[in-house]
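Please look over the sequence and the model shown here before reading on. The briefing that follows is meant for a reader who is new to this structure, and its points are grouped by topic.

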Amino acid sequence: MRAELLAPAGDYECFMAAVNAGADAVYLGGSKFGARAYANNFTQEEIIRALSVAHLFGRKIYLTVNTLVKESEMPELVPYIKPLYEAGLDGVIVQDIGALKLLGENFPGLALHASTQMTVTGVYGANLLKDFGVCRVVPARELSLEEIADIRTGTGLEVECFIHGAMCYAYSGQCLFSSILGGRSGNRGRCAGPCRLPYRDKSGGSGNRLYPLSLKDMYTLSLLPKLIETGITSFKIEGRMKKPEYVAGVTSVYRKYIDKYYAAREKGLLLDAFQIEKEDEELLRGLYIRSDICSGYYEKHNGRDMVTMHEPGYRGSQKETLEAVREKYVDKKPVLPISGRAYVFAGKPAKLTLYTQEASVTVEGAVADAALNRPLTEQDISERLSKLGDTCFALERFDVHTDLNSFMPVKALNGLRRSACIALEDALVKKHERKAPLRDIHVSDAEEAFKADKARGANEPAVLVSVREQLEAALSFEDIRIIYIEADLFLSDGNRDIKTLIERHDRQYFLALPHILRKRSYQYLEKYNELLQSGLFAGVLVRNLEELGWLNGLCYQGRKISDFGVYAWNNATLAVYSGLFDRVTLPLELNRRELSGLSCGVEEELLVYGRLPLMYSANCVRKSLSQCICRPDSPNVYLLEDRYRNTFPVVQNCRHCYNILYNTVPLSLHERLEELQRRGFRTLRLDFTLEDGAQTKSIIEFYLKKRNGEAGVFASEAFTNGHYKRGVE
């Protein structure tokens, strides 16, 4: 099976450019639920028209439904998709688990693709989504060729990967940088791109303004043979915010070299001869792409050479180049080659057959008369039936069968031609159309049960600790009965006695798994399992779908708690999670009204204190600005300063090789604690990351007093309420 070339379209002109340039499929966004809120996007009528054109030419369209969906928006989802489904929509690209559930329930046969926003990092997470009905995953862009091949062979799912265009610094879907700083959420398609701004290296002492969070654009033309051999199903070009010339130019070049690869392979030629022509490389470099390029993460985990470091800019495109691309692809009317046969015999209805590889139609016209003077010749019939200029068809082959003794008026032949063209177009387009099942649209089977019996509790305090001194501080408070402990603490040689320490204190302990789990960390899974089976832990804190899939494969019987990065924005998602988790940590981007609108069928947990993680990244700030130190057994912190002199701590997790960039000040909802207690959350959690033992103890003591209605002074002068009051659009 040949790999699919998937092009972006921010508007209808870009869509036509992609079709003309040879895209096998196009992904686009409508007026709602798409992760490019600032693209022109498509009206419903434009999508339906685009579906007709795409199916006429044997192409596919995938609709982006790749934002997290608020509860208030969920009733709009099924009515929004229904007319597009009936018009033959080929697939949807989804981030939200609740949206995935709804679409799968209401639209049988609609291909469900897991967006890269779901942060799929391995076989366990991909298999979990397969159980949810997903047929294709768009894994994290940070994965290697080996990891991608594992997903393909280990799940049987289709795999869609980016091959060209802009790259996020953070794991997609795991970035709150723009959201927390300015209220523009990447999970809602409104990212303001703070990673593209300059920062000062505060740890390294450099006074220069650098761009350590700005990745170079992806360019993989020379890697195509390896990508194809890895088994990738679909090659995706980034760029729904880009111009039609970009879409057309980039698509046409990748089309050329994908075809070149397959042609060489069919002829048994050595792929070492896969050479890129200079003019094609120059064309790509000149089409609205950053001046610096890299080949992404396919062959390396991270590196300074992937980061722009200095102010990123775009290479100027020559006017002549853009005009040539526009003339060849953008302003061109697409034409579908077809074949035909005509039968004209006196005394019989004239027949015209038009056909492609996908469809064939035959229509009958008027009865041909016997010629009185000049009978129609084969050339006469061919010329009159081949005039398809007002259609999207072009006859490549046309056979005429006639007795050379018949006659038909020009009007009759024109009518025969028009009828055949309409019939062929209908045959090519309408075979994709379908009817949505007649059923009541509902948000979730469990919603009414949720409303009738909300799982509420007694606002138990919980603490998450990252280092030993935080754990010791937490254990000094008898009222702290729930303690989450970062799993990596048990992997350090210097913490061998932690088991003994926690055995001496009667608490409910939970093992907090890594924020990012990839193949390089599978070596620790056996140790994590031993800990979970040791009897020390009541359960586990799950940070991502990969870990949930792994635990399900173990048939783990302990309590499973989802962290805030396993997003639960609506009741449909909570309906799914009610069968997967015992407690759900609510997301960080919903405001108090939106949180109150969630009717949860499982216990609810809310973060009330802690440094908010703004992004998780495979690239390493320290490695880019200084050098890799690789100290797995100790926390490594680097400091970045923005243009307003705010300091962002960046923690290097060297054991699993990812970075966490934290907010400048901690979240603290102590001023809202009484309100939160009335709301009735089952658990209110304090997260400790950068705090030392004394700070940890002071903050816990303050919150416990506040919980009991006692006065106290908060330990930090600066803090944020996060999105509790404002939320995101």
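**Briefing on the predicted model**

A search of the whole structure finds 49 salt bridges, where a salt bridge is a side-chain nitrogen of Lys or Arg within 4 Å of a carboxyl oxygen of Asp or Glu. This is a predicted model, in which local features need pLDDT of at least 70 and side-chain atom pairs count only at pLDDT 80 or more, while totals for chains, interfaces and linings use all residues. Residues are numbered from 1 along each chain as its sequence is written, and side-chain values use heavy atoms, with hydrogens and water left out.

- Side chains of opposite charge can pair when their charged atoms come close.
- Glu13 and Arg326 meet through their side chains in a salt bridge of 3.0 Å, N to O, and this pair links distant parts of the chain, with Glu13 in helix α1 (residues 12-21) and Arg326 in helix α11 (residues 319-330), 313 residues apart. Helices (H or I, at least four residues) and strands (E, at least two) are DSSP runs, numbered from the N terminus.
- Glu13 counts as partly exposed at 34% relative accessibility, and Arg326 is also partly exposed, with a relative accessible area of 23%; here buried means under 20% relative accessible area, exposed means over 50%, and partly exposed lies in between (1.4 Å probe, protein chains only).
- A salt bridge of 2.7 Å, N to O, is formed by the side chains of Glu146 and Lys519. Glu146 lies in helix α6 (residues 145-155) and Lys519 in the loop between β22 (508-512) and α17 (525-532), so the pair ties together parts that are 373 residues apart in sequence.
- Lys519 counts as partly exposed, at 30% relative accessibility.
- Arg468 and Asp497 meet through their side chains in a salt bridge of 2.7 Å, N to O. This pair links distant parts of the chain, with Arg468 in helix α15 (residues 468-475) and Asp497 in the loop between β21 (482-486) and α16 (498-503), 29 residues apart.
- Arg468 is partly exposed, with a relative accessible area of 24%, and Asp497 is partly exposed, with a relative accessible area of 36%.
- A network of salt bridges links a set of residues, including Glu460, Glu486, Arg543, Arg559 and Asp563.

**Overall build**

- The chain holds 23 helices and 32 strands. Its radius of gyration is 30 Å, close to the 27 Å that the globule rule gives for 729 residues, so the chain is as compact as a globular protein of that length; the radius is taken over C-alpha atoms, and the rule is 2.2 Å times the number of residues to the power 0.38.
- Taken along the principal axes, the C-alpha atoms of the chain fill a box of roughly 110 × 60 × 45 Å.
- Of the 729 residues of the chain, 59% count as buried.

**Residues with positive phi**

- Most residues other than glycine have a negative phi.
- Met309, a residue other than glycine, has a positive phi near 65 degrees; Met309 has its place in strand β13 (residues 307-309) and counts as buried at 5% relative accessibility.
- Cys630 is not a glycine, although its phi is positive at about 45 degrees. Cys630 has its place in the loop between α21 (621-625) and β28 (636-641), and it is partly exposed, with a relative accessible area of 47%.
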